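Let's take a walk through this protein, starting with the whole fold and then zooming in on one element. Have the model open as you read.

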Amino acid sequence: MSSDRTRSAILAAAERLYADRGFGDVTLRDIVAEANVNLAAVNYHFGSKDELIAELFVTRSLATNRERLNELKLAEERGGGRAPIDAILHALVGPTLRGCLGPDREGSTAARFMIRASIESVPPIRRIKNREVDHLRKFIAAMRRSLPGRDDAELYWGLHFALAMSHHTIREKERLSRLSEGQCDLNDVDAIVDRVVSVSVMALTGGETPAKKSPVRSAMPQGRLTRQDL
């Protein structure tokens, strides 16, 4: 087996095993047996189990982040350089939710691996998440353009909560389905994306959207309360 094929076989075997059994229960010996290679090949190509996990996670994350940024670029082009906040958040959470949820995706090895990565907090993945934030800065910049004058801290919290909702939905979808007795449809991924975006927009705008502000109440005449004021 050539060097490139050996490397690909190790990655494919590791992703399958981690997706099926989780990170803690899979050893390097399990992976080499699944890939039909020797242990020296893993050490040669990756150096350690942590580096192998990191390689898999980075590969999948790069694809998701490219999709996010492409959607963000299209949204800003449609808006003449300034996308509406809901379109920005759709670009942020849509690729992750669509990549992991839905009957056509959940059975795939890639989706199951990323679900495991969301559920299990392992050091190599945690380090990558904490380090690789440049693509998220582009979303913050777009959010500044969409909501000028908004405090930066509020934008960071808004982005953080949108990501948290999407990841929690992926991690806890079975519990939500059981709790709601099936009333929450976890197969309607587009509706899930819309719901996460809607709640995130409300958090950022106080229930108002930049395009439609609530009318300002007129002052109460002579300090007298009316039915409208109650």
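What you're looking at is a predicted model, where local features need pLDDT of at least 70, side-chain atom pairs count only at pLDDT 80 or more, and totals for chains, interfaces and linings use all residues. Residues are numbered from 1 along each chain as its sequence is written, and side-chain values use heavy atoms, with hydrogens and water left out.

The protein has 11 helices and zero strands (DSSP runs numbered from the N terminus: H or I of at least four residues for helices, E of at least two for strands). Of its 230 residues, 38% count as buried, meaning under 20% relative accessible area, with exposed being over 50% and partly exposed in between (1.4 Å probe, protein chains only). Now for contacts, meaning heavy atoms within 4.5 Å: of those with a separation of 6 or more, 71% come from residues 24 or more positions apart. The accessible surface (Shrake-Rupley method, 1.4 Å probe) is about 13,800 Å², and carbon and sulfur atoms hold 50% of that.

Now find helix H8, residues 134-146. Which of its residues are buried? They are His-135, Leu-136, Phe-139, Ile-140, Ala-142, Met-143 and Ser-146. These sit on the same side of H8 because they cover an arc of only 160 degrees around the axis, taken from the directions from the helix axis to the C-beta atoms.

Technical notes. Expected span 1.5 Å × (residues − 1).
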